[in-house]
Amino acid sequence: DDAPRPEAERERRTFGQRDKGPREPLPAEEGGGRWFKINVGKFKNADPKWIVPLLCRRGDITKKDIGKIQIMQRETRVEIAPAASERFAEAVKRPDAKDKNIHITPI
C-alpha cells in the first residue's frame, strides 16, 4: 500500500519500534551502573513494559537512567546510571501506597 499515512500513525509506529528490543548496558566510560533488585520476576509476570514506568516513578529517574534489565524467576535486576543511583537508592526506600508489595533494594 503506497497511500500516505497520517503523521500520528507514522509517529506511533516509529515510537513502538524504537522501544523494542533488549536494553543495552550503560556505557563503560560512565563507570557502568549500580545494580538493584526488585522482588518480582517471571513468576509474578515481571515485564519491562510496567517495570520501567515503576522504576521511573518510584526512583525519581527517567528512562535514560535505566540500563540493562534482567528478569529472572523470582526477582528482577536493573542497572541504574551512576549519576542517578544515589537519588534512586534514597527514593526507593520510601513506602509506596500504590505498590506496597514491590520492594527495590541495592545489590
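**Exercise 1. Which strands does a hairpin join, and how do they pair?**

*Solution.* A hairpin of four residues links E2 to E3. Keep in mind that this model is predicted. Next, find the ranges: E2 covers 66-71 and E3 covers 76-80. Now check the direction. E2 and E3 pair antiparallel, over four bridges. Finally, pick out a facing pair: Ile69 stands opposite Val78 in E3.

**Exercise 2. Find which other strand is joined to E3, and state how many bridges join them**.

*Solution.* Look at E1, residues 34-38. Five bridges join E1 to E3, and the two run antiparallel. Here Ile38 stands opposite Thr76 in E3. Then ask how covered E3 is. Four of its five residues are buried, so by the cut-off of under 20% relative accessible area E3 is mostly covered.

**Exercise 3. List what Val78 touches, leaving out residues up to four places away in sequence**.

*Solution.* Go through the contacts in order. Val78 touches Arg34, Trp35, Phe36 and Ile38, among others. Further along, Val78 touches Ile51 and Leu55. Lys68 and Ile69 complete the list.

**Exercise 4. Does the length of H2 agree or disagree with its number of residues?**

*Solution.* Count the residues: H2 has 12.

Now look at the two ends. At the N-terminal end, Asp47 is the cap: a side-chain oxygen of Asp47 is 2.6 Å from the backbone nitrogen of Lys49. After H2 comes Asp60, with a positive phi near 55°.

**Exercise 5. Name the buried residues of H2 and say what they pack against**.

*Solution.* The buried residues are Ile51, Val52, Leu54, Leu55, Cys56, Arg58 and Gly59. They pack against E1, E2, E3, H3 and strand E4 (104-106).

**Exercise 6. Describe the largest nonpolar core**.

*Solution.* First, its size: 20 residues. Third, its suppliers: E1, H2, E2, E3 and H3 each give at least two residues. H2 gives the most, with five.

**Exercise 7. Give the order of the elements along the protein**.

*Solution.* Count first: three helices and four strands. From the N terminus they run α-β-α-β-β-α-β. Of the 107 residues, 32% count as buried.

Conventions:
Residues are numbered from 1 along each chain as its sequence is written. This is a predicted model: local features need pLDDT of at least 70, side-chain atom pairs count only at pLDDT 80 or more; totals for chains, interfaces and linings use all residues. Side-chain values use heavy atoms; hydrogens and water are left out. Buried means under 20% relative accessible area, exposed over 50%, partly exposed in between (1.4 Å probe, protein chains only). A nonpolar core is a set of buried Ala, Val, Leu, Ile, Met, Phe, Trp, Tyr and Cys residues joined through side-chain atoms within 4.5 Å. Contact means heavy atoms within 4.5 Å. The expected span of a helix is 1.5 Å times one less than its number of residues. A polar contact is a pair of N or O atoms within 3.5 Å; within protein, one must be able to donate a hydrogen and the other to accept it, and residues adjacent in sequence count only if both atoms are side-chain atoms. Two strands pair if DSSP finds at least two bridges between them.
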